[in-house]
Amino acid sequence: MSEVPTITRVKKTLSWSLLIWTLSAQPLGAWDSHFLLTFAALKNMPEIAAAPDVHVETLASFVAAEKVGLAKVLAENEAWANKHVPTYPHLPAQLAFSSAHPATATLQNAFLQSIRVKPDLPFALFLQYPPGSTHRIRHSLSLGNIMLGPLVADFSGRVAKGRVEAVYPSDKVPALEVIATAADEPDYGLDIGLWQDNHTPYGDIYGFGEQPFGNPTIFFSSQAPFHMGFFHESSLLYMLAGFLKRCYPEYRIHTYLALSRYAFRSGHPYWGYRFLGWAIHHVQDLTQPYHSTVAPGTHTAYLIFVNALNSIGITSPRKAVVQKVTQEHLALEDYYFRLLQADFANPAPSKMMQALMNARHDFHYPRYDDSYPRDVVAKESHARAAHADRLMQELDSMGESIGSHTRNVVRYATSSWPLRPSEPCPTRRDQLSVCPSAPQ
Ligand SMILES: [Zn+2]
């Protein structure tokens, strides 16, 4: 028998496995609040803390004012991506940004399509404030004004009690608040529905091809390939699942940093900080081991084994791996979120907050360049993945202790209870009242 059909079958199986990974109806972000992480990391950074407040500016105004310069920046960005991002699907020529669009509204849409994000989001002007802080500007916006409608329910418990503050072009606002607010934004729908099999008007024309993993019919899963970077898996896994290479956080980071640097150079600091926040989001995503690694703590050989079992109808081992990875992923995010949220209302910072603010290790890393997201951030995160998995298992074993101690207390308290059977009764737990050996 030829080897080709076998490999094809294994590839298909593996593809389905990864599909299941993202089948969860609950959105899997990397971190539950990029706002809190960013605010904590930058609040004492001199370049940000001492920066002057900036005038708020609409996206349409920025794009109209800088249409000539933006066309050049985006052309350079496209050339960079073609050269440096493996498997990069090039921008269709008709989407290349041109300053020739006459109407401002058309121009903004052309800009958004040229960077291939969801173009019909409101891109409202708004700020988040950290828990416990006083809101200065009294024009509250509901989350439906800043993100895709179906996401509102999920974010309402995480974003500023479900309300944010509208700001206006006449307002001057702190750089820190602009960056931190923007750092949350790529999870608000910017990368949803962009693949051709998502069947959206923009997915049909963006040229990204079919969604490489995740379920194209579950809308939130479509953002994953822009927010995950499986750059350091084994060559065997790449051989069997080449689609894992189709992850594009580097494209997002480079684009947003190019826009940010251009906005600063051309005198639009509000958009300089806002695009910077978008880039930071994708860098932070790569720090999450469950975003840089397909299955932390699970050897490639075991992944292949459980998929092979699955193909012959033994499905429970694969389901167990999927469930474990999903639960650990969510648990890690939840842990950080809850700790940080409590920290902002607490005058004594926790160790995690202190670690986020600690700048002593910044220069242990190489200076930032285009290879940094892959070769520094994702590599470090991938190296931590097995350890993160062990930590999560340690939490599981705490569950064993909790259960054992609870039962031991019950044994002690009920030791003289008259219903205690003199002989072990196998059905005692469920049928104590009818257990034949229990004294009446
Ligand atoms: Zn993300």
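Guide: Start with the contacts across the whole chain. Among contacts with a separation of 6 or more, 71% join residues 24 or more positions apart. The protein has 18 helices and five strands. Of its 440 residues, 39% are buried.

This is a predicted model, so confidence comes next. The mean pLDDT of the protein is 85. A pLDDT of 70 or more is reached by 86% of the residues. Helix α11, residues 249-265, has the highest confidence, at a mean of 98. Helix α1, residues 3-21, has the lowest, at a mean of 44. The pLDDT stays below 50 over residues 1-27. That stretch still has 37 contacts in the model beyond near neighbours in sequence. Residues 428-440 are also below 50, with 16 such contacts. Where pLDDT is low, the predicted coordinates should not be read in detail.

Now the helix itself: α12, residues 269-287. Its length checks out.

The core holds 87 residues in total. Those touching the most other members are Phe 111, Val 178, Ile 179, Tyr 273, Phe 275 and Ala 279.

Setting aside neighbours within four places in sequence, Tyr 273 contacts Val 54, Ala 175, Val 178, Ile 179 and Ala 182. Two of these partners, Val 178 and Ile 179, are also listed among the core residues that touch the most other members.

For another kind of packing, look at α14 and α15. Helix α14 covers residues 300-311, and helix α15 covers residues 316-344. Their axes lie 7 Å apart, at an angle of about 135°. That angle makes α14 oblique to α15. From α14, the contact uses Val 306, Asn 307, Leu 309 and Asn 310. From α15, it uses Pro 317, Arg 318 and Val 321.

Finish with an exposed site. Pro 150 sits in the loop between β3 (140-142) and α7 (152-155). Pro 150 counts as exposed because it has 12 C-beta neighbours inside 10 Å. Its C-alpha atom is 9.2 Å from that of Phe 220, a residue 70 places away along the chain.

How values were computed: Residues are numbered from 1 along each chain as its sequence is written. This is a predicted model: local features need pLDDT of at least 70, side-chain atom pairs count only at pLDDT 80 or more; totals for chains, interfaces and linings use all residues. pLDDT is the predictor's confidence in each residue, from 0 to 100. Helices (H or I, at least four residues) and strands (E, at least two) are DSSP runs, numbered from the N terminus. Two residues are in contact if their C-beta atoms, placed from the backbone, lie within 7 Å. A residue is buried if 20 or more other C-beta atoms lie within 10 Å of its own, exposed if 12 or fewer, and partly exposed in between; C-beta atoms are placed from the backbone. A nonpolar core is a set of buried Ala, Val, Leu, Ile, Met, Phe, Trp, Tyr and Cys residues joined through C-beta atoms within 7 Å. Axes are lines fitted to C-alpha atoms, for helices over the stretch in contact, and angles run from 0 to 180 degrees between N-to-C directions. Angles under 35 degrees count as roughly parallel, over 145 as roughly antiparallel, 65 to 115 as roughly perpendicular and the rest as oblique.
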